[in-house]
Amino acid sequence: MNVAVPKSLADELDGVPFIGDISLTNLNGERRGDKVFVRWIPVSTEGKVEIRTSTTNNFANGGPDTYKVKGKAKVSAGSYMFNLPGQANPMS
């Protein structure tokens with residue numbers, strides 16, 4: 001298909017490819033106090049997932065959002081936890 005997607009739009013995609021293999025499904029996140037728990041069901045046992053967050057929703061109005069990397073985890077781990085800003089360093 002060779003479709004070029006600008007980075008500002010690519011950041012908003014959920015990561016599911018149109019063709020080819022997938023690495024995970026059923027992504028969800030839950031806040032508990034000062035921590036955020038991200039979980040998924042691994043489809044692959046290989047590779048890493050990068051957890052990024054944004055505190056804006058400018059994309060809804062045609063603008064770009066700013067994302068920050070919270071960490072990386074093995075796809076096979078099925079979960080990742082990070083602390084909210086202003087809290088202690090995240091644990092993986």
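Read along the sequence, the chain runs α-β-β-β-β-β. That makes 1 helix and 5 strands. The model is predicted. Of the 92 residues in the chain, 20% are buried. Among contacts between residues at least 6 apart in sequence, 43% join residues at least 24 apart.

**Second largest pocket**

- The second largest pocket holds about 210 Å³ of space.
- Its lining includes Val-36, Phe-82, Leu-84 and Pro-85.
- Thr-53, Ser-54, Thr-55 and Thr-66 also line the second largest pocket.
- Lys-68 and Lys-70 are lining residues too.
- By class, the lining splits into 4 nonpolar, 4 polar and 2 charged residues.

- Thr-55 sits in the loop between β3 and β4, and β4 covers residues 68–74.
- Thr-55 counts as exposed because its relative accessibility is 79%, and the cut-off for exposed is over 50%.
- Thr-55 and Lys-68 are 13 residues apart along the chain, and their C-alpha atoms are separated by 9.1 Å.
- Both Thr-55 and Lys-68 belong to the lining of the second largest pocket.
- Pro-85 lies in the segment after β5, the strand at residues 79–83.
- Pro-85 has a relative accessible area of 62%, so it is exposed.
- Pro-85 and Asp-34 are 51 residues apart in sequence, yet 8.5 Å apart in space, C-alpha to C-alpha.

**Loop between β2 and β3: Val-43**

- Val-43 lies in the loop that joins β2 (35–42) to β3 (48–53).
- At 49% relative accessibility, Val-43 counts as partly exposed, because exposed requires over 50% and buried requires under 20%.
- Leaving aside residues up to four places away in sequence, Val-43 touches Ile-22, Ser-23, Leu-24 and Thr-25.
- For one of these, Ser-23, the C-alpha atom is 5.1 Å from that of Val-43, with the two residues 20 apart along the chain.

**Backbone at Asn-26**

- Asn-26 is part of strand β1, which spans residues 24–32.
- Asn-26 has a positive phi of about 55°, although it is not a glycine.
- Most residues other than glycine have a negative phi.
- Asn-26 counts as exposed because its relative accessibility is 53%, and the cut-off is over 50%.

**Rings and charges**

- The charged end of Arg-32 sits over the ring of Phe-37, 4.2 Å from the ring centre.
- Arg-52 lies over the face of Tyr-67, at 5.4 Å from the ring centre.
- How many aromatic pairs does the structure hold? The count is 0.

Technical notes: Residues are numbered from 1 along each chain as its sequence is written. This is a predicted model: local features need pLDDT of at least 70, side-chain atom pairs count only at pLDDT 80 or more; totals for chains, interfaces and linings use all residues. Side-chain values use heavy atoms; hydrogens and water are left out. On a 1 Å grid over the protein atoms alone, a cavity is a set of points where a 1.4 Å probe fits but cannot get out, and a pocket is an open set with protein on both sides within 12 Å along at least five of seven lines; lining residues have an atom within 4 Å of a point. Grid points are joined across faces, edges and corners, and a volume is the space filled by probe spheres set on the points. Ala, Val, Leu, Ile, Met, Phe, Trp, Tyr, Cys and Pro count as nonpolar, Asp, Glu, Lys and Arg as charged, and the others, Gly among them, as polar. Rings of Phe, Tyr and Trp (its six-membered ring) pair if their centres lie within 6.5 Å; planes under 30 degrees apart count as stacked, over 60 as edge-to-face and the rest as tilted. A charge sits over a ring if NZ of Lys or CZ of Arg is within 6 Å of the ring centre and within 35 degrees of the ring normal. Helices (H or I, at least four residues) and strands (E, at least two) are DSSP runs, numbered from the N terminus. Buried means under 20% relative accessible area, exposed over 50%, partly exposed in between (1.4 Å probe, protein chains only). Contact means heavy atoms within 4.5 Å.
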